[in-house]
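Here is a colleague's note to read beside the model. Please keep the structure open while going through the points.

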Amino acid sequence: MKVFVLIALVALATAWPSFDFETLEGFQRDDPSVPTIKKQEEVNGLLWKVYDRLYNPELKSMAESFNPVADTSIYSDGGKAAQVLTRELNDNRLLEQHHWFSLFNPRQREEALMLFDVLMHCPKWDCFVKNAAYWREKMNEGEFVYALYTAVIHNDVAEGVILPPLYEVTPHMFTNSEVIMKAYTAKMKNTPGKFKMSFTGTKKNKEQRVAYFGEDIGMNTHHVTWHMDYPFWWKDSYGYHLDRKGELFFWAHHQLTVRFDAERLSNWLDPVDELHWEEPIVEGFAPHTMYKYGGEFPPRPDNVYFEDVDGIARVRDMLIMESRIRDAIAHGYIVDKTGTKIDIMNNEGIDKLGDIVESSLYSPNIQYYGQLHNLAHIMLGRQGDPHGKYNMTPGVMEHFETATRDPSFFRLHKYMDNIFKEHKDSLPPYTREELEFPGVAVESIGIEGELKTYYEEYEFDLRNAVDSAPGVEEVELMAVVNRLNHREFSFVADVNNNNGGEVLATMRIYLCPRRDNNGVILSYEKGHWYCIEMDKFWKKLSPGKNHIVRKSTESSVAVPDVPHFQTLRDAVSKGGDFEMKAFERACGIPNRMLLPKGMRDGMEFALLLAVTDGNEDAALSDPAETEFGGSHSHCGTHGEVYPDKRPMGYPIDRRIPDKRVYDETPNFKFNIVKVYHEEQN
Ligand SMILES: [Cu+2]
């Protein structure tokens with residue numbers, strides 16, 4: 001596989017002129033001389049009680065004795081990054097410890113990325129862990145956690161290491177203040193405790209009906225990890241190109257948007273309306289969430305009009321950015337920094353637009369198209385104190401961990417999603433010839449088992465939220481949350497292959513709400529945009545009839561629960577082989593939320609199976625034999641190209657003005673199914 005990666009990288013290098021060959025060598029080096037279990041033990045130690053001293057004696061002595069610039073031969077950049085960061089430290093420029101950290105704060109981000117840069121230039125584990133231990137003691141904790149997480153994800157030297165769930169490393173960002181305060185009290189009294197976490201607000205607020213989605217710890221983990229896997233600040237000089245990052249930005253967020261709408265429909269709510277810069281932000285928000293350092297997250301009342309935010313952006317800047325982007329869509333081309341037109345009336349256009357809207361460094365012209373997504377997050381985060389008069393901390397919208405708690409997150413993303421839709425709608429609809437897979441016909445698509453959701457209780461560890469002192473014993477502190485889950489089920493399909501021999505097929509499964517909020521059946525033209533991706537995988541079809549069973553647990557949009565921090569610690573102390581491959585990726589919809597909640601008496605959905613030609617679609621070899629890391633649909637494949645060459649959302653990403661084209665394509669079929677919700681008393 002490594003060989004393949006290298007070939008892919010060389011191919012990418014030719015396609016992307018900004019690729020830096022010097023660092024290519026630094027990238028593809030894992031360090032087998034150190035067993036994974038040792039690396040895991042050290043990462044555990046670095047993240048345990050991150051606001052406190054280092055408990056692991058080995059790490060502690062590393063932090064004390066290591067000098068990051070003494071031997072620059074340990075780095076792949078000759079120690080450049082380490083020298084930069086050391087200079088900042090010696091000049092006393094680094095942010096203090098015990099202070100909040102926000103990735104959207106340019107200086108704080110710069111510091112976190114300085115450490116990321118150091119860790120990325122460590123081709124050996126020894127260099128990586130010593131730097132991590134050293135800088136943990138010197139840098140702001142939030143910056144450190146961010147740099148370590150992103151470096152473990154992106155530096156191959158840490159391959160096999162499982163990052164503990166962020167909600168057990170920095171629990172403040174994932175639970176409410178009430179629970180945190182109880183945990184502090186319990187710790188002071190040295191009494192173990194379990195604290196029930198409730199969703200923000202009261203039933204007087206309709207939005208509270210869907211707070212289980214925006215406040216779900218697994219959903220928040222998916223969102224924050226997606227942004228770590230595909231950071232907007234990524235430069236290819238870190239070692240490789242992130243394939244189709246702009247399109248993945250569109251697709252992962254589009255899916256969050258349509259999933260949220262399906263949850264709303266399940267709860268008798270209208271779909272989200274898009275945000276408008278010159279109209280009031282309808283929903284206010286009281287976060288009931290606090291920083292470890294810096295106090296409560298600021299609230300926002302209902303119906304406030306946007307104000308300019310000092311030093312960030314004016315409302316009219318946002319309107320101008322929007323209109324430049326929409327102009328590009330209307331023209332069918334974007335203009336890069338040199339004034340050259342780039343055609344976007346094709347499959348690749350969405351990738352460029354995604355980069356532009358996200359405010360990625362991949363944007364072909366950041367100067368002109370601006371930073372719509374990132375600035376919008378800050379604008380929304382600051383509406384409680386737009387002129388900085390009250391020294392308020394950044395809002396929940398200014399952290400990927402907390403952003404989806406605020407209903408305005410979904411308004412903002414609906415607004416951006418509609419911009420992407422404008423582009424997709426401008427492309428010619430697919431023709432029957434393009435859609436067909438000759439000789440292949442879907443006979444049936446259905447479900448084995450029941451589509452049934454329910455709430456369950458889940459506990460997570462709060463010990464890292466509270467402080468400790470030497471000699472003070474640990475007490476067990478847990479948060480208890482209600483979360484959505486579903487019964488296991490399987491997708492079952494019968495597919496005929498009338499070709500003489502075996503063919504490779506791409507199986508694309510979507511679940512689409514059948515009716516709108518008024519109970520009116522959605523047309524193909526309207527409904528296709530609301531389809532939820534359930535799964536995508538490859539299968540070899542033998543000649544004749546093929547009966548296909550695909551388990552819900554196998555879905556490539558979803559991931560299992562990240563193992564508890566304590567589980568990772570126990571696995572290390574047990575010794576032996578550390579093998580947790582299944583949990584390597586935390587990016588992906590939590591598998592238990594694969595289905596929208598549905599309704600007690602059943603909510604109708606169209607279950608769609610589209611079978612397309614795998615020989616044309618698949619970008620990587622042997623797709624029928626591998627799962628590409630488990631959650632490639634929204635999260636891609638680590639360090640490799642996106643496994644599917646088709647546009648994300650294919651074949652229902654473009655307009656469907658004539659439903660007959662889809663009805664008469666034999667390799668597509670849909671069936672009406674119902675999703676039930678088991679109500680508790
Ligand atoms: Cu996001």
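Where is Ser552 found? The first point takes this up.

1. Ser552. This residue sits in the loop between strand S10 (544-551) and strand S11 (558-559). Helices (H or I, at least four residues) and strands (E, at least two) are DSSP runs, numbered from the N terminus. Ser552 is buried, with a relative accessible area of 1%. Buried means under 20% relative accessible area, exposed over 50%, and partly exposed in between (1.4 Å probe, protein chains only). Leaving aside neighbours within four places in sequence, Ser552 is in contact with His486, Glu488, Phe489, Ser490, Asn591 and Leu594. Contact means heavy atoms within 4.5 Å.

2. Basis. This is a predicted model, in which local features need pLDDT of at least 70 and side-chain atom pairs count only at pLDDT 80 or more, while totals for chains, interfaces and linings use all residues. Residues are numbered from 1 along each chain as its sequence is written, and side-chain values use heavy atoms, with hydrogens and water left out.

3. Copper site. Which residues coordinate the copper ion? They are His223 (NE2), His227 (NE2) and His253 (NE2), at 2.0 to 2.1 Å. Donors are N, O and S atoms within 2.8 Å of the metal (3.2 Å for Na, K and Ca); water is not among the atoms, so sites may look incomplete. Along the chain the donors of the copper ion follow the spacing H-x3-H-x25-H. His223 belongs to helix H12 (residues 217-229) and His253 to helix H13 (residues 245-266), so the pair ties together parts that are 30 residues apart in sequence. Both His223 and His253 are buried.

4. H13 and H15. The axes of H13 and helix H15 (residues 349-358) come within 6 Å and cross at roughly 75 degrees. That makes H13 roughly perpendicular to H15. Axes are lines fitted to C-alpha atoms, for helices over the stretch in contact; angles run from 0 to 180 degrees between N-to-C directions. Angles under 35 degrees count as roughly parallel, over 145 as roughly antiparallel, 65 to 115 as roughly perpendicular and the rest as oblique. On the H13 side, Lys245, Gly246, Glu247, Phe249 and Phe250 take part, meeting Ile350, Asp351, Gly354, Asp355, Val357 and Glu358 in H15. The residues of this contact divide into 4 nonpolar, 2 polar and 5 charged. Here Ala, Val, Leu, Ile, Met, Phe, Trp, Tyr, Cys and Pro count as nonpolar, Asp, Glu, Lys and Arg as charged, and the others, Gly among them, as polar.

5. H4 and H7. Helix H4 (residues 57-65) and helix H7 (residues 125-136) have axes that come within 8 Å and cross at roughly 80 degrees. H4 and H7 are therefore roughly perpendicular to each other. Leu59, Met62 and Ala63 in H4 meet Val129, Lys130, Ala133 and Tyr134 in H7. This contact has 6 nonpolar residues, no polar and 1 charged.

6. H17. In helix H17 (residues 372-381), 10 of the 10 residues are buried, so H17 is largely enclosed by the rest of the structure. Among them are His373 and His377. The cover over the buried residues of H17 includes H12, H13, helix H14 (315-331), H15 and helix H18 (407-426).

7. Gly332. This residue lies in the loop between H14 and strand S2 (333-335). Gly332 is buried, with a relative accessible area of 4%. Gly332 and Leu427 are 95 residues apart in sequence and 9.2 Å apart in space, C-alpha to C-alpha.
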